[in-house]
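Take a first look at the chain below. The paragraphs after it go from the overall layout to single residues.

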Amino acid sequence: MKTVAYVLAGVFGALGIAFILGSGQGPTVRWLVYGGVLLGTAVFMIYLARSKGPEMKITHKVDFTGDTELQQLRCKSCGAQLASDALQMKEGAIYVKCPYCGTEYQLEEKPKW
Ligand SMILES: [Zn+2]
């Protein structure tokens, strides 16, 4: 996604510069406006591509904190410590499937606060 935004920004920027340079050959101010708008779009796209980076990292961090909480998760039936791959998402609920005894049950949400 990021690469696409940069490529588009490059295309818009090049077009904008071409329009502004081309405006010298004609009497129209319109070309200058088009060029400005295109350059503005290019800058905006680069800004968007840059600002999206940290956001994605934050969502990954949330996933990791979820994983660390799972380390304390134990099977209801046999008490074995369960890894994150023992969890499955089904219709918005979290299901646990114990790899040791084969028990499958829905994980109840326990608020930590
Ligand atoms: Zn078990």
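Of the 113 residues of the protein chain, what percentage count as buried? The figure is 7%. A residue is buried if 20 or more other C-beta atoms lie within 10 Å of its own, exposed if 12 or fewer, and partly exposed in between, with C-beta atoms placed from the backbone.

This is a predicted model: local features need pLDDT of at least 70, side-chain atom pairs count only at pLDDT 80 or more, and totals for chains, interfaces and linings use all residues. Residue numbers start from 1 along each chain as its sequence is written.

Start with the layout. The protein chain has two helices and three strands. In sequence order the pattern is α-α-β-β-β. Helices (H or I, at least four residues) and strands (E, at least two) are DSSP runs, numbered from the N terminus. Now take contacts, where two residues count if their C-beta atoms, placed from the backbone, lie within 7 Å. Among contacts between residues at least 6 apart in sequence, 33% join residues at least 24 apart.

The largest nonpolar core has five residues: Ala9, Phe12, Leu38, Ala42 and Met45. Such a core is a set of buried Ala, Val, Leu, Ile, Met, Phe, Trp, Tyr and Cys residues joined through C-beta atoms within 7 Å. Helix 1 (2-22) and helix 2 (30-70) each give two or more residues to this core. Helix 2 supplies the largest share, three residues. Look at Ala42 in particular. Apart from its neighbours within four places in sequence, Ala42 contacts Ala9, Phe12, Gly13 and Gly16.

Then come the strands. Strand 1 (residues 87-90) pairs with strand 2 (residues 93-97) in the antiparallel sense, over four bridges. Pairing requires that DSSP finds at least two bridges between the strands. Lys90 stands opposite Ala93 in strand 2. The two strands form a hairpin with two residues between them.

Glu91 sits in the loop between strand 1 and strand 2. Its phi is positive, about 50°, although Glu91 is not a glycine. Most residues other than glycine have a negative phi. Glu91 counts as exposed because it has 5 C-beta neighbours inside 10 Å.

Finish with Tyr105, in strand 3 (residues 104-106). Is Tyr105 buried or exposed? Tyr105 counts as exposed, because it has 12 C-beta neighbours inside 10 Å. Leaving out residues up to four places away in sequence, Tyr105 touches Lys76 and Val96. Lys76 is 29 residues from Tyr105 along the chain, and their C-alpha atoms are separated by 8.5 Å.
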